[in-house]
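Morning, everyone. I'd like to walk you through one model today. Have a look at it first.

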Amino acid sequence: MSQFALRRSGSTRVLPGFGLSMGISVLFISLVLLLPITGLFGQLAGLSLAEYWAIITEGRVVASYMVTIGAAAVAALVNAVFGLLLAWVLVRYEFPGKRLLDALMDLPFALPTAVAGITLATLYAGSGWMGSWLEAIGINVAYTWVGIALAMAFTSIPFVVRTVQPVLEDMPVEVDEAAMSLGATDGVAFRRVIMPHLWPALVTGTGLAFVRSLGEFGAIIFIAGNMPYETEITALMIFVKLQEYDYAGASAIASVVLFVSLALLLAINIWQGRFVRRLHGGNA
Amino acid sequence: MSIRLDNIAKHFGNTQALEPISLDINEGELVGLLGPSGSGKTTLLRIIAGLENADRTAQPGKILFGERDVTHVHVRDRRIGFVFQNYALFRHMSVYDNVAFGLTVLSRKHRPSSGEIRARVYRLLEMVKLESFANRYPAQLSGGQQQRVSLARALAVEPEVLLLDEPFGALDAKVRQELRRWLRHLHDELNFTSVFVTHDQEEALELSDRVVVMSNGRIEQIDTPDALYRSPANRFVFEFLGDVNHLEGKVNNAVLTCGDAHLHVDLPDGHEELLLRPHEVRLTQAPTAESHLPVTITAISPVGAEVRVELEADWLAQPWLATVRHTDFEHLELQRGQRLYAHPRHWRRFPESVSKAPEQRHVA
């Protein structure tokens, strides 16, 4: 409203193209994001609340939530640690092959997830390179939740690296130096000076990685083994319902994933907004 | 705590940032490292702090704080305070927490009680006149206030040596002036040894007990501001410390000629270049027997205690600058475009060989 009022009072924007670019953006979001989500709810309209509840709380589906959330949580935490380490290495040190490593970070984004899934499955199967070696010391990766977590970690590591990296680049080295000149040990400087800066980005990146893992399908189904109640992920449950032409059932399960993801992203955004305001001088 | 640097050198890749340097700084002294960018002054300061390591050559350098050899001591154990040009405050901590940081990271054995920390932080905040800002965040403060917080933070650990890297570089002129005076006052009161880096000759001359003039990784001269200004060791120091007018020409029979200008000088025949400060130029309506230097006024700026007059002439490669007192300015009725004669009151020459002391002459 306010800009219409502004325009009427005679002042116009200096930057051109607001109407056109905003219009196209809204149209694009509507077509690509809002319309499919609306379609999803349209499908749900065919279900009564009791039916909906019955579908989403069916034993096999609930087991799949557990597997998915558990594996995604493990994958996200592993990525938080190693993603932070990778971002640190990429920003703070100079070494040969740095550019190559930096480019490799985006590979999980670029690679079709099915390709990743098949590769991981052959590598970690009992007869595979890594699998046979790990089996010798009693660790089964393929066809267990460990394999699921591994596939999830693979596809979501760029989220952590790419959110932490720019924040770390932005942080002047003098801040570390100041902490050390004041007598802080490396550990204290990291915990009290560096981490608080990286924390919001790290949480965001980890949250994104977690949400991405919740919905991952292609990379996981090849390595998961897909045993009911054991290694079935929620995305697979949706797929199974679809194969049975049970569109309403598929939508019901999909809506659960959607709500969880949205709630998490929203929570992270609100929390992060508070932190950023403090850094830029607002009232925290 | 006195500081002694012995044979300290540093190179980055193929560039020699510091030639081997030796320097003694007395206890309680306030020393300015002055030089253009790339002269090695910041590198030297960072080596004193321990943020940079000196080269390990055949004759390894040594850094002593008093009797203590700190050459291989880590920055966190050197007991220095370091103030950064861009303040380097911890942005996620309040002003209070920033200042308290150095005390709270002490090992449990050495850490003061929380009540004592609180008292000490407030005493420091009072000293930097920011006690009412304790709960603010750095982003809510002006540049001058942030730099004061950064000073209080460095002083909280009671360092024996305070090192400042272009501490006032990013501030506007008025705040800079104020902070300069305040730092001088603080230094005299608390009696620590301070070294600061600056590229501003006025700042160095005003603030320091002694100034170390550097260029190209070498120390050009170490002296008190007064001695430095009056008897610069070489041409670089003379030119760096203020505006300089050049007069270049051939000397024949004790007369230096340059185009249609000539000046009586007591020098042997040959090519000569004379240097003089703006305040050493006198302007008159007529030439004298000693000097005939016709000039034209191209700009006048009556700012400050003196009037700055820019002079040009065919025989000058670069315009001259002269400063005239306001009374003389009114007396001479100076105007732009006016033709006058310049008379050097005093000039210097720096013969090419660096070892020779500069010559100074007075002209009648």
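Predicted model: local features only at pLDDT ≥ 70, side-chain atom pairs only at ≥ 80, totals over all residues.

Chain B first. The chain has 364 residues, and 38% of them are buried. Its C-alpha atoms fill a box of roughly 80 × 50 × 35 Å along the principal axes. Count the secondary structure and you get nine helices and 22 strands. Of the contacts with a separation of 6 or more, 64% join residues 24 or more positions apart.

How is chain B divided? Domain 1 runs over 3–240, and domain 2 over 245–362. The C-alpha centres of the two domains of chain B lie 40 Å apart. There is a record to set beside that. UniProt, in an unreviewed entry, lists residues 3–241 of chain B as "domain: ABC transporter". That span is 35% helix and 25% strand. Its end C-alpha atoms lie 25 Å apart.

β1(B) pairs with β2(B) over seven bridges, in the antiparallel sense.

Next, strand β8 of chain B, residues 193–198. Is this strand enclosed or open? Six of its six residues are buried, so β8(B) is largely enclosed by the rest of the structure. T193(B), V195(B) and V197(B) point one way. S194(B), F196(B) and T198(B) point the other way, and all are buried.

β8(B) has parallel partners. One is strand β3, residues 30–34 of chain B, paired over five bridges. There, V31(B) stands opposite V195(B). Another is strand β7, residues 161–165 of chain B, also running parallel and joined by five bridges. In that pair, D165(B) stands opposite V197(B).

On to a helix. Y96(B) lies in α2 of chain B, residues 95–104. Why do we call Y96(B) buried? Because 20 other C-beta atoms lie within 10 Å, and 20 or more is the cut-off. What does Y96(B) contact, leaving aside neighbours within four places in sequence? V121(B), A134(B) and N135(B). Also, Y96(B) and V149(B) are 53 residues apart in sequence, yet 8.9 Å apart in space, C-alpha to C-alpha.

The largest one has 102 residues. Those with the most contacts inside it are I48(B), V99(B), A152(B), L163(B) and A342(B). Where does this core lie? Domain 1 and domain 2 of chain B both give residues to it, so it lies between them. A general point goes with this: in soluble globular proteins, nonpolar side chains tend to be buried together. Zoom in on A152(B). Beyond four places in sequence, A152(B) touches V99(B), L124(B), L125(B), M127(B) and V128(B). There is also a second, separate core of 52 residues, which includes A72(A), I148(A), M152(A) and A250(A).

Strands β11 (245–252) and β12 (255–258) of chain B pair antiparallel over three bridges. V251(B) is bridged to L256(B) in β12(B). Two residues sit between these strands, and in this hairpin N253(B) takes a positive phi near 50°. Then comes β13, residues 261–264 of chain B. Four bridges join β12(B) to β13(B), again antiparallel. L256(B) stands opposite L263(B) there. This hairpin also has two residues between its strands, and G259(B) in the turn has a positive phi of about 60°.

Last stop, the interface. In total, 19 residues of chain A are in contact with 21 residues of chain B. Which helices of chain A each supply at least two residues? α10 (173–181), α11 (186–215) and α14 (247–279). The largest share, six residues, comes from α10(A). By type, chain A's side divides into 10 nonpolar, six polar and three charged.

That's the tour. Questions, please.

How values were computed
Residues numbered from 1 in each chain as written. Chains lettered and ligands numbered in written order. UniProt positions renumbered as here; feature names shortened; annotations may be inferred. Core = buried A, V, L, I, M, F, W, Y, C linked by C-beta atoms within 7 Å. Buried ≥ 20, exposed ≤ 12 C-beta atoms within 10 Å, placed from the backbone. Domains from an automatic or database assignment. Contact = placed C-beta atoms within 7 Å. Nonpolar A, V, L, I, M, F, W, Y, C, P; charged D, E, K, R; others polar. Pairing = 2+ DSSP bridges.
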